[in-house]
Amino acid sequence: MSPNKFKKLTNFNLIRQVLMKTSNQEPKPYKAGEIIYSHNDPAEFIFLIHSGKVRIESKHGLELGILETGEIFGEVGHIIESPRTVTAIAVTNSLIRIIDEKTVKEKMNMADPVLAAIVRGLSLRIGDANTLAEKHWLELNVYKSLKKKQICYWKINNNKIKANY
């Protein structure tokens, strides 16, 4: 097991223990391909992957990441108090623990104000980075589509003949 994977699982066990003390809700099952939330949905909850994998996609379908057991997602919209900026889809059959707003607010209020400000700043930057990545991805797709429709010109007797292919 890689050191990063071990660290992630160790953090997961700590987070799971804290959540079990504050929430009696069981993890919710999601089937592979099932949408957990969509772009522009209200950001009411944060999610912890108990088991499985989740794909995060931009508004236009750019894959921003694949998350695995022990990772938290859905925090950006919740922390910056805006609708969802991405879509989350179960890649495999997954068990997802839903962290309610009350629990998140309790934890954020108990946190050092400097750490809370750092979390908010990082959340804003993640949202900005996702938007920028999607913008570049869309521009790349435009250029790719133009390449497929190249226009060639032949010069015959000083007349230009245009051929599309």
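Is Ser94 buried or exposed? Select Ser94 and see. Ser94 counts as buried, because its relative accessibility is 3% (buried means under 20% relative accessible area, exposed over 50%, partly exposed in between, with a 1.4 Å probe and protein chains only).

Before going on, note that this is a predicted model: local features need pLDDT of at least 70, side-chain atom pairs count only at pLDDT 80 or more, and totals for chains, interfaces and linings use all residues. Residues are numbered from 1 along each chain as its sequence is written, and side-chain values use heavy atoms, leaving out hydrogens and water.

Stay on Ser94. This residue is in strand β8, residues 94–99 (strands are DSSP runs of E, at least two residues, numbered from the N terminus). Leaving out residues up to four places away in sequence, Ser94 touches Lys28, Pro29, Tyr30, Ser51, Gly52 and Lys53 (contact means heavy atoms within 4.5 Å). Its side chain reaches the backbone nitrogen of Lys53 at 3.4 Å.

Next, select strands β4 (residues 53–57) and β7 (residues 87–90). Four bridges join them, and they run antiparallel (two strands pair if DSSP finds at least two bridges between them). Find Val54: it stands opposite Ala90 in β7.

Now show the whole open sheet. Its four strands come in the order β2-β7-β4-β5, with antiparallel pairing. The edge strands are β2 and β5 (63–68), each pairing on one side only.

Last stop: Asp41. Look in the loop between β2 (35–37) and β3 (46–51). Asp41 is partly exposed, because its relative accessible area is 29%. Asp41 and Arg84 are 43 residues apart in sequence, yet 5.3 Å apart in space, C-alpha to C-alpha.

Notes:
A polar contact is a pair of N or O atoms within 3.5 Å; within protein, one must be able to donate a hydrogen and the other to accept it, and residues adjacent in sequence count only if both atoms are side-chain atoms.
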